[in-house]
Amino acid sequence: MRSDGEPPLQPGQTGTRAFKEDTGVEPTYRITAQKVDIGTAAEAKALVSNPADAEGKVPAVAYVKYTHVRGATVQEYPRVGDYAEVYADGRRGAKVTGTAGRPKGCADSDEIKNWRNGQSYLLCNTFLIPARARSVKVMWTEIGGKPFVWTF
């Protein structure tokens with residue numbers, strides 16, 4: 001899933017990439033998938049409005065740290081964290097939206113203002129994946145870009 005034969009990254013390894021934010025600035029970020037927490041079937045059902053949507057699934061939370069390493073200050077609403085996804089057995093999980101899917105300790109990108117060089121935020125995304133998945137990966141890529149892939 002990474003470009004041309006490059007091995008997947010291990011948890012804690014970093015990738016660095018310039019990313020064009022919706023506001024037009026294009027800072028460079030160091031991106032590090034730190035861990036994926038796998039929850040229970042009961043937790044999955046609590047995350048959705050229709051419990052049938054979570055049948056056979058568990059939540060997988062990707063914890064990804066983003067460090068602004070150079071470029072213009074991101075005045076507000078950074079979207080770099082929106083591009084992290086969880087894959088189980090090669091298939092993208094179903095993203096959980098809203099505050100129910102954001103664990104404690106994770107920043108809310110809608111509340112980040114004036115993100116400057118040297119500052120880091122832990123941004124988390126929750127996905128529902130099959131309860132019996134054997135392989136879990138985090139992939140970050142911008143539209144049309146080459147992905148960074150971490151195996152867990």
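**View 1. The disulfide between Cys-106 and Cys-124.** In this predicted model, a disulfide (two cysteine sulfur atoms within 2.5 Å) joins Cys-106 to Cys-124, with 1.9 Å from S to S. A search of the whole structure turns up one disulfide. The link of Cys-106 and Cys-124 is left-handed, at -70° about the S-S bond. Cys-106 sits in the loop between strand S7 (94-96) and strand S8 (113-115), and Cys-124 sits in strand S9, so the pair ties together parts 18 residues apart in sequence. Strands here are DSSP E runs of at least two residues, numbered from the N terminus.

**View 2. How buried are the two cysteines, Cys-106 and Cys-124?** Cys-106 is buried, at 11% relative accessible area, and Cys-124 is buried too, at 10%. Buried means under 20% relative accessible area (1.4 Å probe, protein chains only).

**View 3. Around Trp-140.** Leaving aside neighbours within four places in sequence, Trp-140 is in contact (heavy atoms within 4.5 Å) with residues including Arg-17, Tyr-66, Lys-146 and Trp-150.

**Notes.** Residues are numbered from 1 along each chain as its sequence is written, and side-chain values use heavy atoms, without hydrogens or water. Local features need pLDDT of at least 70, side-chain atom pairs count only at pLDDT 80 or more, and totals for chains, interfaces and linings use all residues.

Key:
Helices (H or I, at least four residues) and strands (E, at least two) are DSSP runs, numbered from the N terminus. Buried means under 20% relative accessible area, exposed over 50%, partly exposed in between (1.4 Å probe, protein chains only).
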